[in-house]
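Here is a short note to read beside the structure. The points are numbered so that each can be checked in turn.

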Amino acid sequence: MFESLLGGIETVFQPINILILFLAVFIGFLGGALPGISGTMLVILLLPITYSFDATTAFLMLTGIYASTVFSGMISAILFRTPGAPEAVATVFDGYPMTQKGEGGRALGIAILSSGVGGITGTIILIALTPLLASVALAFSSPEFFGLALLGLTVVASLSSGQLSKGLIGVGFGLLIATVGIDPLSGTQRFTFDIQNFSSGIELIPVLIGLFAVSEVLKKSRESTLQKQKPTQSKVKIFEKNVIKKIYKTMARSTAIGTFIGILPGVGATTASMLSYSETVRWSKDKKKFGKGAPEGIAAPESANNAAAMGALVPLLALGIPGSATTAVILGAFIMHGLQPGPSLLNTQSDLVYAIFIGLLIVNASIILVSKPFIKLFMKIMHVPYFILGPVILMFCVIGTFAVRNSVFDIWVMLFFGFLGFFLERFKFPIAPIVLGVVLGPIAESELRRSLQISGGDWFIFLERPISAVLIVISILVLTAPILKKRWKVLVSKL
Amino acid sequence: MLSEKIIAGSWLLFSLIFAVIALQLPLLENNSLSTGGWPLIVIGLMAVASAVLLANSRKYDSHQKQKEEKEVAVAVDASKLTQSETEEEVLEIEIDRPHNHWFIMAGFIVYITLLPFAGFIVSSFLFITVLVYLMGLRKKMGILVTSLVAITVFVILFGNVLGVPLPRGAAIVRDLSFMLY
């Protein structure tokens with residue numbers, strides 16, 4: 001392995017490859033930060049350009065963009081409550097409130113540090129444990145995947161504005177949205193109402209952009225565009241001792257969660273960031289501080305999503321199975337370059353694989369080293385009047401939504417969810433659980449049904465397998481804990 | 001609060017309607033869940049949660065009232081305010097245009113309806129113009145310049161540099177669009 005790493009370093013540090021890598025970082029940073037432009041979209045857009053490149057150069061560019069967009073999605077999430085990438089959704093929960101308090105620079109510093117640490121650690125783990133991690137992922141089956149999805153759903157639902165019922169409604173609605181279209185297991189149409197556009201389902205990106213970005217613009221359109229006071233802290237501070245003391249445990253835990261989840265095929269960095277946020281709240285002694293600008297609330301999703309993004313490359317490179325939507329596109333890129341990812345790739349193309357590893361290390365390190373100038377540029381955008389910024393954000397949203405599948409219908413979907421998000425928030429109804437339901441819905445349903453098919457309809461399969469049993473028991477406990485706690489208090493007070 | 005009850009009631013009604021639709025799908029197949037099984041579970045969850053929310057809305061009302069009374073008491077004692085709470089007071093948002101969202105929504109509907117016919121440039125130019133006006137800019141030259149610059153940047157950046165597909169419109173508009181992006 002050491003020789004392969006040296007070979008990778010030698011390959012990456014060729015002038016053309018270094019140039020391409022930093023170009024990828026630049027494009028990824030800027031593109032990922034812009035709402036409506038996701039890492040998946042950027043990788044798709046640049047794929048045709050890489051046809052003429054050497055395979056190593058091509059994949060350094062694609063994986064470099066992939067890693068940097070996961071990071072930069074948090075910039076607009078924190079500054080404008082508009083996640084630049086789906087992976088930054090959970091960062092909005094505490095990042096934007098911190099900006100509203102005038103601590104946008106601190107929020108960005110926390111996110112940069114967490115992203116860099118998560119990404120670098122995730123890459124080191126990726127390099128060191130690829131063969132071992134691949135075998136662990138192989139052992140997971142449908143019951144375990146369902147348990148994981150259930151845990152993610154129940155934990156966040158229980159944190160919804162202190163009202164479990166609202167959270168469950170939101171999650172349920174998100175899960176229901178995910179069922180629209182053709183049932184992947186039976187091929188039957190569901191909830192399409194004979195509308196052709198619904199046959200392929202409701203895409204995640206229009207839902208996300210609508211619920212978060214469009215609703216936010218609608219909300220701000222009612223407000224005065226004059227700022228009474230400038231934010232008190234606009235300087236980005238990455239290494240603040242007192243902040244690091246608060247978040248180092250969160251970063252460590254979230255990095256571990258993110259890497260592990262990222263390795264599991266089909267789960268992805270978005271799920272990892274949501275689950276990590278949920279776990280952080282659960283582990284916290286002061287749950288009420290979350291959603292109001294808690295540093296841990298930023299550190300958790302950012303460490304996890306960058307770690308997960310690196311972890312998602314494990315099944316891709318080791319097994320030829322994409323770990324997320326973007327890695328599925330990268331898989332297509334491999335095939336187009338005449339390469340087949342899988343166990344044989346490490347043997348036949350070890351220079352390429354280790355060059356990718358070294359490239360990812362450089363990209364994740366550059367998050368900490370060179371992100372400040374990029375963020376300074378984006379911080380200046382904050383002083384741009386909202387009558388310019390608002391329309392620009394909306395146009396980015398429209399363009400980004402249309403680019404998903406060249407469909408005006410998706411823009412209608414985005415608008416609908418924009419209306420919905422706006423009105424739900426007016427009535428203090430949380431929208432985060434809806435997003436979680438949409439993200440985890442397909443996994444939860446397909447793995448549940450597959451598990452029952454395997455067991456011949458026996459629901460006890462989830463309890464017979466130790467890992468899924470543990471995950472389900474934890475989910476039930478988490479869901480019922482707030483209710484039981486209340487009942488216990490009432491009982492004790494009566495006694 | 002009445003709005004809480006309306007929302008809870010709306011979700012409950014939504015759940016019931018979709019439950020009826022889901023029941024028309026096959027629920028079980030070979031003892032395991034079929035097409036309609038999972039949606040029915042999810043809808044059931046929503047229905048139960050909506051019913052609980054509806055039932056609890058009175059308790060929520062009284063809790064909110066107590067919370068508001070506490071907040072008033074805290075606000076009176078300025079010395080207890082933390083720095084962030086002080087900043088929140090100063091940054092308190094003023095609602096200048098309470099109905100603006102309706103106009104933007106209407107504009108959006110017209111925009112998306114126009115897109116397949118008039119194409120990206122014409123529709124978006126008009127939409128941006130309306131948006132900039134609705135968001136507060138009143139100078140006519142400012143609105144025009146902002147809209148022109150914005151549409152030019154979008155077409156060059158997305159349509160040409162990045163090659164992102166943009167709506168082309170119909171007939172002659174479509175043909176003209178190929179000359180521009």
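1. The side chains of A:Arg405 and A:Glu203 form a salt bridge, with N and O 4.0 Å apart. A:Arg405 belongs to helix H17 of chain A and A:Glu203 to the loop between E2 and H9, so this pair ties together parts that lie 202 residues apart in sequence. Please keep in mind that the model is a predicted one.

2. Are the two partners of this pair buried or exposed? A:Arg405 counts as partly exposed because its relative accessibility is 25%. A:Glu203 is also given as partly exposed, with a relative accessible area of 29%.

3. A:Asp410 has a relative accessibility of 0%, so A:Asp410 counts as buried; the cut-off for buried is under 20%.

4. A:Asn406 is not a glycine, yet its phi is positive, about 55 degrees. This is worth a look because most residues other than glycine have a negative phi. With a relative accessible area of 45%, A:Asn406 is partly exposed.

5. Which other residue shows a positive phi without being glycine? A:Phe193 does, with phi near 50 degrees. A:Phe193 sits in the loop between strand E2 (189–190) and helix H9 (204–220) of chain A. At 45% relative accessibility, A:Phe193 counts as partly exposed.

6. A:Arg190 and A:Glu445 meet through their side chains in a salt bridge of 2.6 Å, N to O. This pair links distant parts of the chain: A:Arg190 is in strand E2 and A:Glu445 in helix H19 (residues 432–455), 255 residues apart. A:Arg190 is buried, as its relative accessible area is 1%. A:Glu445 counts as buried too, at 6% relative accessibility.

7. Salt bridges also occur as a network, which links A:Arg81, A:Glu216, A:Lys219 and A:Glu425. How many salt bridges does the structure hold over all chains? The total is 14.

8. A:Lys287 lies in the loop between helix H11 (268–283) and helix H12 (295–311) of chain A. The side chain of A:Lys287 comes to 3.3 Å from the backbone oxygen of A:Ser284. Leaving aside residues up to four places away in sequence, A:Lys287 touches A:Val281 and A:Arg282. A:Lys287 counts as partly exposed because its relative accessibility is 40%.

9. For chain A as a whole, there are 21 helices and two strands. Of its 495 residues, 63% are buried. The accessible surface of chain A is about 18400 Å², and carbon and sulfur atoms account for 66% of that surface. Among contacts between residues at least 6 apart in sequence, 78% join residues at least 24 apart.

10. What does the interface between the two chains look like in numbers? Here 69 residues of chain B are in contact with 71 residues of chain A. Together the chains bury about 6300 Å², with 79% of this area on carbon and sulfur atoms. B:Trp11, B:Trp38 and B:Met135 supply 12% of the area that chain B buries against chain A, more than any other three residues.

11. Across this interface the rule finds one salt bridge. The side chains of A:Lys166 and B:Glu4 meet in a salt bridge at 2.9 Å, N to O. Between chain B and chain A, ten residue pairs are in polar contact, counting pairs with both residues at pLDDT 80 or more.

12. Several elements of chain B each supply at least two residues of the side that touches chain A, including helix H1 (2–23), strand E2 (32–33) and helix H2 (37–76). The largest share of that side, 18 residues, comes from H4(B). By residue type, the side of chain B that touches chain A divides into 47 nonpolar, 15 polar and seven charged residues.

Conventions
Residues numbered from 1 in each chain as written. Chains lettered and ligands numbered in written order. Predicted model: local features only at pLDDT ≥ 70, side-chain atom pairs only at ≥ 80, totals over all residues. Heavy atoms only, no water. Helix = DSSP H or I, 4+ residues; strand = E, 2+ residues; numbered from the N terminus. Buried < 20%, exposed > 50% of the residue type's maximum accessible area, 1.4 Å probe, protein only. Contact = heavy atoms within 4.5 Å. Areas by Shrake-Rupley, 256 points an atom, 1.4 Å probe, with all protein chains shown as cover. Buried area = accessible area lost by both parts, 1.4 Å probe. Polar contact = N/O pair within 3.5 Å; in protein donor to acceptor, adjacent residues only side chain to side chain. Nonpolar A, V, L, I, M, F, W, Y, C, P; charged D, E, K, R; others polar.
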